[in-house]
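Here is a short note for a colleague opening this entry. Please look at the structure first, then read the points in order.

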Amino acid sequence: MSQSELTREVARRVFASEFNDSTYAFKESDDERAPNFALLPTGDRANRVFVVGTLTETEDVGDDSEYWRGRVVDPTGTFFVYAGQYQPEAASVLRDTEPPEYVSIVGKPRTYETDDGTVNVSLRPESIAVVDDDTRDRWVVETAERTLDRIESFEEWEAEQEAPESASTAPTNEYAEMARERYDSPVVNYRNDVIQALESLEAIEETDDAEATV
């Protein structure tokens with residue numbers, strides 16, 4: 001096994017709403033080979049992410065060579081996925097897949113600043129696969145759980161910081177502290193997104209049950 005495989009970062013499960021708000025990117029070392037991380041507003045870092053959603057649109061936006069853009073929608077928003085000559089397998093999936101289809105993607109967040117100063121976040125895929133609705137539903141549930149875990153850790157840290165008796169003995173949470181400094185969006189927004197995502201699954205199940213009884 002190569003060193004890169006040994007040190008590969010875990011792919012975080014994250015909903016589109018939080019992913020698109022993860023506009024601050026950083027490294028933890030001056031080494032030019034050090035990984036880039038996106039700072040998640042719920043207080044964690046992500047070098048790689050794992051997402052599942054509905055591929056609703058694909059387009060070749062390249063000039064001289066193929067460069068595919070895909071729109072992938074989850075219950076909270078839209079991921080924009082870009083794949084070109086350096087991601088040939090992912091690009092071929094975007095080229096050959098006829099939307100709409102459920103897809104799973106493992107990839108790296110990338111930030112881009114527009115002329116007006118807006119920072120957009122996109123996903124550079126390592127792999128894309130067409131999946132079934134059970135896989136998509138399972139991802140929504142697991143991503144909801146992971147997001148709530150991050151929110152609870154953030155809120156516990158925040159409560160400790162605000163407690164007058166904590167002083168210098170409060171536990172540290174480096175990424176929660178960074179997120180509070182860098183972002184304006186309160187973490188309760190992402191708790192609301194979790195609720196929205198889980199309610200969307202319940203609505204689908206109720207529709208399926210109703211159709212089954214017709």
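1. Is F15 buried or exposed? F15 counts as buried, because its relative accessibility is 2%. Buried means under 20% relative accessible area, exposed over 50%, and partly exposed in between (1.4 Å probe, protein chains only).

2. A word on the basis. This is a predicted model, where local features need pLDDT of at least 70, side-chain atom pairs count only at pLDDT 80 or more, and totals for chains, interfaces and linings use all residues. Residues are numbered from 1 along each chain as its sequence is written, and side-chain values use heavy atoms, with hydrogens and water left out.

3. There are 7 aromatic pairs (Phe, Tyr and Trp rings, the last by its six-membered ring, with centres within 6.5 Å; planes under 30 degrees apart are stacked, over 60 edge-to-face, the rest tilted). F15 and W139 are edge-to-face, because their ring centres lie 5.4 Å apart and their planes stand at 85°. The two residues are 124 residues apart: F15 sits in the loop between β1 and α2, W139 in helix α4 (DSSP runs: helices H or I, at least four residues; strands E, at least two). W139 is buried too, at 1% relative accessibility.

4. Y24, F26, F37 and Y175 make up one aromatic cluster.

5. The largest nonpolar core has 33 residues, and I105 and I128 touch the most other members (a core joins buried Ala, Val, Leu, Ile, Met, Phe, Trp, Tyr and Cys through side-chain atoms within 4.5 Å). Strand β5 gives the largest share, 5 residues. A second, separate core of 13 residues includes F154 and Y175.
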